[in-house]
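Let's take a walk through a protein together. Have the sequence and the 3D view open, and follow along one piece at a time.

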Amino acid sequence: MIKLLYIKASPRPDSKSVALADACLAALKARAPNLSVDILDVWREKLPVFDGDKVDAKMSVVTGRRHDRRQRTAWSEITAIANRFIAADIYLFAVPMWNGGIPYRLKHYIDLIHQPGLLFGLEPSTGYFGLLKNKKAIIALTSGAYSPTAPSPAYGVDHHSTYLRSWLNQAGVTDIEEIRFQPTLLNPDPDGSHKAAIAAASHVGVVS
Ligand SMILES: Cc1cc2nc3c(=O)[nH]c(=O)nc-3n(C[C@H](O)[C@H](O)[C@H](O)COP(=O)(O)O)c2cc1C
């Protein structure tokens with residue numbers, strides 16, 4: 001059984017990025033009938049506040065201190081959320097660009113799960129190292145004005161795919177494929193381009 005975690009980061013019912021990821025998922029399912037799919041919509045999921053207790057619990061792990069009672073409670077909540085992520089073999093993300101970066105609900109989710117001893121370690125002399133092994137990520141990316149083929153600061157800067165990649169890399173996920181439909185708005189043929197991106201999405205992701 002291959003476990004895929006599908007993380008939806010657009011709140012739109014007619015989301016372009018979700019349409020790309022859906023097409024990719026349908027093709028993956030057809031190629032790998034042993035795929036089990038867990039869907040995590042960051043807009044519907046109850047994400048606890050990353051409060052002072054959780055920050056303290058995180059910093060205690062980083063600095064090698066024991067958790068007190070409040071931190072133990074906070075850390076067990078974090079661990080439960082992170083374990084769902086850790087359990088997956090493949091990550092499929094649908095992520096629109098928001099203000100140059102990712103939607104805040106996805107950042108909230110990442111802040112909850114990206115934890116020392118769970119997703120990464122930190123070695124003072126060599127830096128961060130990822131704890132996730134043998135994972136694959138597929139990221140479906142959309143933006144209204146920003147174009148990766150003709151990038152210009154006048155249309156924004158990509159802190160969207162670059163952030164997702166560097167976060168995943170830091171967690172140990174280096175096998176990353178992208179599906180892009182950009183730009184979605186400043187596009188002479190939005191429908192045709194979206195259809196072409198959906199068709200391309202069907203060929204992404206080799207599952208063995
Ligand atoms: C809050 C918000 C911020 C956005 N910021 C950007 C941006 O910085 N650059 C850009 O090119 N498009 C931006 N857009 C446009 C979306 O990226 C674009 O409409 C995308 O296709 C939405 O994808 P979706 O249909 O999957 O939600 C923004 C849209 C919203 C709602």
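Which residues in α2 meet which residues in α3? Before the answer, keep in mind that you're looking at a predicted model. On the α2 side, the residues are D53, K54, D56, A57 and S60, and they meet R70, Q71, A74, W75 and I78 in α3. If you sort the residues of this contact by class, you get four nonpolar, two polar and four charged.

Now look at how the two helices sit against each other. Helix α2 covers residues 52–63 and helix α3 covers residues 69–86. They pack at an angle of about 90°, and their axes are 8 Å apart. Angles from 65 to 115 degrees count as roughly perpendicular, so α2 is roughly perpendicular to α3.

Strand β6 (residues 136–142) and strand β7 (residues 175–181) run parallel, and seven bridges join them. To find your bearings, pick out K136, which stands opposite D175 in β7. What do β6, helix α5 and β7 make? Together they make a right-handed β-α-β unit, with residues 161–171 forming α5.

Last stop: the ligand. There are 20 residues around the ligand, and the ones that come nearest are S10, S17, P96, S143 and G144. Which helix gives the largest share of this shell? That's helix α1 (residues 16–31), with three residues. By class, the shell around the ligand has ten polar, eight nonpolar and two charged residues.

Definitions and conventions:
Residues are numbered from 1 along each chain as its sequence is written. This is a predicted model: local features need pLDDT of at least 70, side-chain atom pairs count only at pLDDT 80 or more; totals for chains, interfaces and linings use all residues. Two strands pair if DSSP finds at least two bridges between them. Helices (H or I, at least four residues) and strands (E, at least two) are DSSP runs, numbered from the N terminus. A crossover is right-handed if, with the strands pointing away from the viewer, the path from the first strand over the helix to the second runs clockwise. A residue is near a molecule or strand if its C-beta atom, placed from the backbone, lies within 6 Å of it. Ala, Val, Leu, Ile, Met, Phe, Trp, Tyr, Cys and Pro count as nonpolar, Asp, Glu, Lys and Arg as charged, and the others, Gly among them, as polar. Axes are lines fitted to C-alpha atoms, for helices over the stretch in contact, and angles run from 0 to 180 degrees between N-to-C directions. Angles under 35 degrees count as roughly parallel, over 145 as roughly antiparallel, 65 to 115 as roughly perpendicular and the rest as oblique. Two residues are in contact if their C-beta atoms, placed from the backbone, lie within 7 Å.
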